[in-house]
Amino acid sequence: MRGRAARLARLIPGATGQGHAARTPFVLLVVVLLSGGLLGLLMLNSAISEGSFKLDDLQRDTKNLTDEQQALQRDIDSYSAPDALQRRARELGMVPGGDPVFLGPDGTVKGVPSAAARQSAARAPGVVLPPEALAATSVPAAAPAPTTSPGR
């Protein structure tokens, strides 16, 4: 074949077999690269999905902890309200102190000192006794005997 037919014959693969041996490594390389790329994309997609699940779990935990913190803050606010403090102080047997008295740097007293008004035990159900009253009602404990270490 000559001329135009020879050029066309070179462009169209023939049954001679000399081009097959040279193309096999290239085809294998392309198949390996495509397979590796697909596996890499699959692993990347799995990692992103796992991260998304972890993010959802962490957001749910954050919401639960935020709700718990707000509930605790409401409890603190209710316990520190003035009327709640006054009620708890009365339950413990505390009474209002009256007008304050100040001591000057030279030892002078400014104001008129007065004792706080006492409440009866019937009016304060949760009366806390002073240490002297507890010591008078309790039985004195026997003093422990001194111990000596062996060998001395």
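Does Glu50 count as buried, partly exposed or exposed? At 45% relative accessibility, Glu50 counts as partly exposed, where buried means under 20% relative accessible area, exposed over 50%, and partly exposed in between (1.4 Å probe, protein chains only).

This is a predicted model, in which local features need pLDDT of at least 70 and side-chain atom pairs count only at pLDDT 80 or more, while totals for chains, interfaces and linings use all residues. Residues are numbered from 1 along each chain as its sequence is written, and side-chain values use heavy atoms, with hydrogens and water left out.

The chain has 4 helices and 2 strands, arranged from the N terminus as α-α-α-β-β-α; helices (H or I, at least four residues) and strands (E, at least two) are DSSP runs, numbered from the N terminus. Of its 152 residues, 3% count as buried. The accessible surface of the chain comes to about 13,900 Å², with 64% of it belonging to carbon and sulfur atoms; such areas come from the Shrake-Rupley method with a 1.4 Å probe, and for residues only the protein chains shown count as cover.

Side chains of opposite charge can pair when their charged atoms come close. The structure holds 4 salt bridges, a salt bridge being a side-chain nitrogen of Lys or Arg within 4 Å of a carboxyl oxygen of Asp or Glu. Among them are the pairs tabulated here.

| Salt bridge | N to O distance |
|---|---|
| Glu50 and Lys54 | 3.7 Å |
| Lys63 and Asp67 | 3.2 Å |
| Glu91 and Arg87 | 3.7 Å |

Glu50 and Lys54 both lie in helix H2, 4 residues apart, or about one turn of the helix. Lys63 and Asp67 are likewise both in helix H2 and 4 residues apart; Lys63 is exposed, with a relative accessible area of 52%, whereas Asp67, at 36%, is partly exposed. In helix H3 (residues 82–91), Glu91 and Arg87 are again separated by 4 residues, about one turn of the helix, and they are partly exposed, Glu91 with a relative accessible area of 40% and Arg87 with 47%.

Helix H2 (residues 20–79) also holds Phe26, which is exposed at a relative accessible area of 54%. Together with Val27, Val30, Val31 and Leu34, Phe26 makes a nonpolar surface patch of about 450 Å². Patches are made of residues with over 30% relative accessible area and no salt bridge, like charges being joined within 9 Å and nonpolar side chains (Val, Leu, Ile, Met, Phe, Trp, Tyr) within 5 Å.
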